[in-house]
Amino acid sequence: MAPGNQLQVLHALDVAKTQLYHFTAIVVAGMGFFTDAYDLFSVSIVARLLGRIYYTKAGAPKPGTLPPAVSASVTGVALVGTLCGQLFFGWLGDKMGRKKVYGMTLLIMVACSVASGLSFGSTPKGVMATLCFFRFWLGFGIGGDYPLSATIMAEYANKKTRGAFVAAVFAMQGFGILFSSIVSLVVATAFDHKFKAPTYEQNPAASTVPEADYVWRIVLMFGALPAALTYYWRIKMPETARYTALVAKNAKQAAQDMGRVLNVEIEAEQEKVEELSARKSNNFGLFSKEFLRRHGLHLFGTTSTWFLLDIAFYSQNLFQKDVLSSVGWIPPAKTMNAVHEVFTIAKAQTLIALCGTVPGYWFTVAFIDIIGRFAIQLLGFIMMTVFMFAIAFPYDHWLDNHVGFVVMYGLTFFFANFGPNATTFVVPAEIFPARLRSTCHGISAAAGKAGAIVGAYGFLYASQNKDKTKTDAGFPPGIGIKNSLIVLGCINALGIICTFAVPEAKGKL
């Protein structure tokens, strides 16, 4: 029997035992995030290869790199698309329903992943322009997956393990990052073995074989495969009961859908739905004073923490290769051929993902419903701050202690994922009313991507050497890796403060 004014269909979902449909929903929703992470982070592995293929100048002492504007665009344009997609599909998910637009986002992601690898042009500028075009629309589809997947999983889950299920969807991002590195390793190994080439030092022209152009294309296109495999199950998922009953106000359909999913008889209760809908407290809009009074501080908390987190998180992820190169863990580009450099970068990122990134996600899944969202997010920001400062201030020490540096750097990733990178995704799906949930999650996620754009563009320039003679080609002098890491540590510290505006969402919805 449903307590108080709660609908029987919603009570049945809240108290349902963990069943096969929960795990099916995690995989189906999670594959979107798998593709999201694969597509956003695989480009950082092949960015140097793109520079070698399209921007190497004859007689230069070291291989070509992407010019500043091109590098920023290739990295950042997908983030801009993601931000737009989060706002648009977040709003659309509340207007049309989660299910109706859910398959649409996956189709966009699959089509644009493939199209990115087919980027064409007779000049370097042409190839980069078409790559950026397809990556913007790829990001647009990825953006839609954030609010829709989080909302769908939160509304499908039971109350006891809701946090773990939503976090598990997001944790698929870790596997996407790992898979992008593994695919890059396999492709680079195959091409390096088949098409032998000298290092750039030995023979600049021969160090980049013509077949290297296939490497980055295969890597980018491969991300479409896992997502495409789940399309059938995505379109077969029924609309969530909370949307059907509380927003569409169709109690009969909600009861039928969830009755089939749970294998139980559920009473429709159309009169109770109409009674709940008629209440003034259930009708305030996003831009109303009532929303500001009830949820204004919460929305500030979710947007500000996600914004600050993503400045640091995306800076670290997208420019791992630059940070690891600066301490000597990745050898100088001129000592490798083009394809082997892809292998070396992918190997370094695989180790970071295995040791720090992936375990962090699943620690969150294990503990989020035990110690709560607030504690995990606060701990994560604190530890990220500590480890970032521990890397930055004695930075010169780490130049001769590569293993110690990688351990410290891996721990910042661990506590990002066993911390705010997961909780900022989970909490907005739980604390806002059903009719505004997808929109508010989309706004929060878009704030995060705004932070990612700041991190991607800002770190690219800020991390350049202070000495103009040691900067990458075309870049102005920056503040250096050390000072950039100090700035990221300060941003993490701000995240600690803003976390206090975020409520504990455990057991709510």
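Setting aside neighbours within four places in sequence, Thr35 is in contact (heavy atoms within 4.5 Å) with Met109, Ser113, Gly223 and Ala227. Thr35 sits in helix α2, and with a relative accessible area of 0% it is buried. Here buried means under 20% relative accessible area, exposed means over 50%, and partly exposed covers what is in between, using a 1.4 Å probe and protein chains only. The model is a predicted one, so local features need pLDDT of at least 70 and side-chain atom pairs count only at pLDDT 80 or more, while totals for chains, interfaces and linings use all residues. Residues are numbered from 1 along each chain as its sequence is written, and side-chain values use heavy atoms, with hydrogens and water left out.

Zooming out, the secondary structure of the protein chain comes to 22 helices and zero strands. These elements are DSSP runs numbered from the N terminus, with helices being H or I of at least four residues and strands E of at least two. The C-alpha trace spans about 80 × 45 × 35 Å along its principal axes. As for the radius of gyration, the chain comes out at 23 Å, in agreement with the value near 23 Å for a compact globule of 509 residues. That radius is taken over C-alpha atoms, and the globule rule is 2.2 Å times the number of residues to the power 0.38. Of the 509 residues, 60% count as buried. Among contacts with a separation of 6 or more, residues 24 or more positions apart account for 82%.

The charges number 42 positive and 29 negative, and their mean positions are 2 Å apart. In this tally Lys and Arg are positive and Asp and Glu negative, with His and the chain ends not counted; each charge is placed at NZ of Lys, CZ of Arg, CG of Asp or CD of Glu.

Now for the interior. In soluble globular proteins, nonpolar side chains tend to be buried together. A nonpolar core is a set of buried Ala, Val, Leu, Ile, Met, Phe, Trp, Tyr and Cys residues joined through side-chain atoms within 4.5 Å. The largest one holds 105 residues, of which Tyr146 and Phe425 touch the most other members. Not counting residues up to four places away in sequence, the residues that Tyr146 touches include Phe33, Phe170, Trp306, Tyr314 and Phe425, along with Asp36, Gln86, His441 and Lys449. A second, separate core has 35 residues, including Val187, Ala212, Trp216 and Val219.

Helix α7 deserves a look of its own. Its buried residues are Ala212, Val215, Trp216, Arg217, Val219 and Leu220. What covers them includes α2 (20–55), α4 (98–117), α5 (124–156), α6 and α15. The loop between α6 (162–194) and α7 (212–222) holds Thr199, which is buried at a relative accessible area of 19%. Leaving aside neighbours within four places in sequence, Thr199 is in contact with Ser207, Lys334, Thr335, Met336 and Asn337.

Helix α15 (residues 338–371) carries Ala348, which counts as buried at 5% relative accessibility. His340 is also in α15, but is partly exposed with a relative accessible area of 29%. The C-alpha atoms of His340 and Pro198, 142 residues apart along the chain, are separated by 10.0 Å.

Lys99, in helix α4, counts as partly exposed at 31% relative accessibility. Not counting residues up to four places away in sequence, Lys99 touches Ile235, Lys236, Met237, Pro238 and Glu239. Lys249 is in the loop between α10 (241–247) and α11 (251–262), and has a positive phi of about 60° although it is not a glycine. At 40% relative accessibility, Lys249 counts as partly exposed. Finally, Phe393 lies in the loop between α16 (373–392) and α17 (395–398). Leaving aside neighbours within four places in sequence, Phe393 is in contact with Lys482 and Ile486. The C-alpha atoms of Phe393 and Leu485, 92 residues apart along the chain, are separated by 8.7 Å.
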